[in-house]
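Follow this walk through the fold with the model open beside the text. It starts with a pair of helices and then moves on to strands, loops and single residues.

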Amino acid sequence: MSLSSSVFPRESFFLLAPLESLHSDDVKRVISLDDLIKLPHDDSLAQFSIGEYKPAIVTNDLFSFFRFNEQKTYLIFIDKRSESDADLRRYNFFGLVGTFGKGKIVASSSKQTKKSLNLTNVLSNHGQAFVLELCELYEDYDESQDWWMRDVIYEVITASYQDSNNDGFGDIQGLRQRLDYIQSIGIKTIWLTPIYPSPWKDYGYDISNFCDIDPRFGTLDDFCQLVADVHSRNMRLILDFVPNHTSNEHTWFQAALRNDPNYVDYYVWHEGKNNGKDLPNNWLGPSGQRMWTYAPERKMYYLHQFLDCQPDLNLRNDKVLEELKRILRFWLDLGVDGFRADAVRHLIENDDFRDEPLSKKAKDIDPNIFYDAYEHTETADQPESYALVRQWRRFLDNYSYDNCRDYLLFVTEAYHQDIQKVMNYYGANREERGSDVSINFLITYYLDKNDNEQHGLELDKQLTKWQKNVPRHAWSNWCLGSHDSGRVTSRLPSTELIDGFYMLLLLQSGTALLYYGDEIAMCNRPFTLEHPEEIVDITAFNYGEKYVEERTRDCQRTPMQWTSHSPYAGFTSATAKPYLPLADTWPELNVEQQEKAERSHLKLFRQLVKLRQQSPFYGGHQKKVLATKELYAFIRWLHSDIYLIVINQTTSGHEPITTDFVKLLKYQNKQLFGEVVAKSTNISDTSPIGKEGNRIELNQLTLQSNESLVLRLLSSVLEISLCIDNDE
Ligand SMILES: [Ca+2]
Ligand SMILES: [Ca+2]
């Protein structure tokens with residue numbers, strides 16, 4: 001059975017496909033590929049003769065289209081390039097038709113070892129052709145393909161998680177001891193902040209050797225044991241990748257200082273102005289320092305966007321880019337499942353070295369220390385930085401293809417209020433993809449607002465901003481905090497609201513990023529100048545004493561709180577002293593207490609993680625139902641399932657709020673019931689919504705301050721979906 005007489009529509013496909021872009025030679029190539037695909041000879045072929053046809057991605061290099069009827073949908077894919085084009089191409093078909101997440105390979109021209117492909121990540125070589133039978137996102141789930149879309153990514157600072165050898169520093173063996181716990185809360189992907197050899201001037205983000213483990217965390221053998229343990233649990237591990245800079249103690253920088261010809265261009269150098277007496281320009285970095293430091297050894301200035309002990313690599317030097325790929329390969333060979341790239345906004349600087357203009361904020365803040373006093377037109381988000389991210393994405397694609405590895409994840413960190421800049425890291429289109437997860441910090445920006453601005457309308461603004469701007473070819477993500485943002489619990493209008501924010505994090509469509517300890521609602525620990533010896537984050541001192549207490553990020557990096565029984569919450573032994581003091585709340589706020597309690601933040605968190613693995617939370621649709629100052633409500637639905645999530649943001653003392661969701665959902669039947677699926681820990685057991693399984697009528701749903709609720713609607717979806725469709 002040849003391809004042209006089976007998979008192509010009966011009518012001439014030339015009339016249906018947008019073939020304007022094809023040259024006549026290309027069309028001939030399509031035809032000449034007929035014999036590449038031998039379809040299995042069974043009744044499924046009927047599909048192709050009677051089903052409908054829709055073009056998918058059609059370019060000079062690719063011809064692809066869908067065939068479908070009511071039961072099944074197929075994607076036919078033909079890479080038309082000749083052998084002279086050896087590049088591996090990556091295509092994204094997600095969202096082009098229905099809510100399909102992956103496809104089973106039913107016929108293929110090549111020795112494909114995989115049985116299925118994720119539609120976001122279809123890799124292809126010249127001449128390759130195949131037929132995929134598409135599956136709904138939530139159906140027939142294959143963890144090897146789209147693991148990162150459904151997972152929670154758990155950020156761990158190894159130093160702060162668990163100490164195994166009583167030196168006060170958390171380490172790799174300690175982390176191994178806690179894998180049972182991490183697995184028990186449903187986490188599948190762990191992201192470790194840097195564990196590489198480092199003088200530790202910036203929590204290990206000042207790396208002196210990219211291909212080893214800092215002795216304080218253990219050895220490479222320990223690391224390999226960790227990888228094996230993680231994988232044996234069907235979990236994944238990703239590492240921090242810090243391509244922007246090294247430590248000044250790195251051998252490359254030491255060689256560069258000596259004018260070693262091999263390393264002379266590994267970093268960014270400038271003679272300075274006025275015969276070297278003045279800095280090359282006015283650039284100021286995000287760590288409160290000018291970006292230039294004079295190196296007497298070379299009588300030149302070196303560039304550092306962050307601390308002066310973190311010289312920036314010259315990412316226009318191909319040798320440096322090769323070194324970085326060698327580093328990625330080193331860790332991939334040890335089995336890691338991807339990377340989170342640090343500070344991607346800062347990768348490339350304009351090599352005209354022009355001054356940067358002052359921003360509107362400059363009149364209110366000191367331009368000698370505050371990053372926001374400038375428009376960073378020359379040093380941030382340069383087009384070449386986006387190109388580097390795409391280049392690393394391609395590198396990972398090639399690695400996974402060559403080594404038959406599952407999908408390798410690439411997460412990027414770019415703090416920016418301008419949402420478009422953040423979105424740009426995803427790549428411009430389906431073919432030119434960059435980051436998989438360009439971290440969405442919008443909820444953390446909401447938490448930065450002052451008390452008067454923390455309410456439902458402001459929250460809605462941030463959530464909507466993301467949803468409206470996320471490109472169609474990209475997958476969303478949500479994050480409540482990180483090692484750089486304060487603890488979410490300490491920044492909410494009320495700590496009780498944390499449960500509602502778990503619902504936003506875990507039940508909206510997208511990958512969730514969780515900072516260790518946030519699952520037990522850990523709080524910031526204040527650090528003050530009365531005890532300067534306690535402060536590890538020395539960056540804070542760059543802003544002057546006035547700002548140290550406000551700026552130090554130690555507040556959110558304190559050791560994990562495991563138990564009430566041991567003097568240091570089980571983080572380290574009684575005889576050791578933790579490298580950073582514990583937060584005072586640990587005796588009441590710890591894993592052990594929350595496991596014992598009948599209801600706790602931890603238990604709710606675990607329940608919501610389980611829920612998010614199911615349809616419609618994975619792969620289903622999402623729509624806001626209500627946003628007021630007090631309430632935020634949204635629905636998730638797919639086929640026969642529809643869920644309503646309601647979060648009441650009013651602080652204690654506020655009147656209870658009653659809402660008519662029958663009216664809001666424009667429900668035809670007038671009587672609509674919901675079943676309680678999950679509820680915030682502060683909802684009393686005696687309340688009508690106090691127990692899972694309780695059924696309530698939705699024309700009068702009453703929530704007290706800080707209460708949050710997940711309900712499954714007991715209705716025919718057909719009736720609801722009518723109103724959803726009408727509204728869109
Ligand atoms: Ca240790
Ligand atoms: Ca840079």
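H16 covers residues 498-507 and H19 covers residues 601-612; their axes come within 10 Å and cross at roughly 20°. Axes here are lines fitted to C-alpha atoms, for helices over the stretch in contact, and angles run from 0 to 180 degrees between N-to-C directions.

Which residues of H16 and H19 make the contact? H16 supplies Ile 498, Asp 499, Tyr 502, Met 503, Leu 506 and Leu 507. H19 answers with His 601, Leu 604, Phe 605, Leu 608, Val 609, Leu 611 and Arg 612. Two residues are in contact if their C-beta atoms, placed from the backbone, lie within 7 Å. By class, the residues of this contact are 10 nonpolar, one polar and two charged. Ala, Val, Leu, Ile, Met, Phe, Trp, Tyr, Cys and Pro count as nonpolar, Asp, Glu, Lys and Arg as charged, and the others, Gly among them, as polar.

H16 is largely enclosed by the rest of the structure, because nine of its 10 residues are buried. A residue is buried if 20 or more other C-beta atoms lie within 10 Å of its own, exposed if 12 or fewer, and partly exposed in between; C-beta atoms are placed from the backbone. The buried residues of H16 include Gly 500, Phe 501 and Leu 505.

Now step back. This is a predicted model: local features need pLDDT of at least 70, side-chain atom pairs count only at pLDDT 80 or more, and totals for chains, interfaces and linings use all residues. Residues are numbered from 1 along each chain as its sequence is written, while chains are lettered from A and ligands numbered from 1 in the order in which they are written. The protein chain has 728 residues, and 47% of them count as buried. Its secondary structure comes to 21 helices and 27 strands. Helices (H or I, at least four residues) and strands (E, at least two) are DSSP runs, numbered from the N terminus. Among contacts in the chain with a separation of 6 or more, 67% join residues 24 or more positions apart.

Past H19, look at the loop between H19 and S20, where Pro 616 is found. The peptide bond from Ser 615 to Pro 616 is cis, with omega near 5°. S20 (residues 621-627) then runs antiparallel to S21, joined by six bridges. Two strands pair if DSSP finds at least two bridges between them. A hairpin of three residues links S20 to S21. Ala 627 has Tyr 632 as its bridge partner in S21.

How many residues of S21 (residues 631-638) are buried? The count is eight of its eight residues. Leu 631, Ala 633, Ile 635 and Trp 637 point one way, and Tyr 632, Phe 634, Arg 636 and Leu 638 the other way. On to S22 (residues 641-648): S21 pairs with S22 in the antiparallel sense over eight bridges. Two residues lie between these strands in a hairpin, and His 639 in the turn has a positive phi of about 50°.

Another sheet is open, with three strands in the order S12-S14-S13 and antiparallel pairing. S12 (269-270) and S13 (292-295) are at the edges with a single partner strand each, so one side of each has no neighbour in the sheet. Tyr 302 in S14 is the bridge partner of Thr 293 and also of Trp 269. Four residues separate S13 from S14 in a hairpin, with Lys 299 in the turn at a positive phi of about 50°.

Cys 404 is not a glycine, yet has a positive phi of about 50°. With 8 C-beta neighbours inside 10 Å, Cys 404 counts as exposed. Ala 521 also is not a glycine and has a positive phi of about 60°. Ala 521 is buried, with 25 other C-beta atoms within 10 Å.
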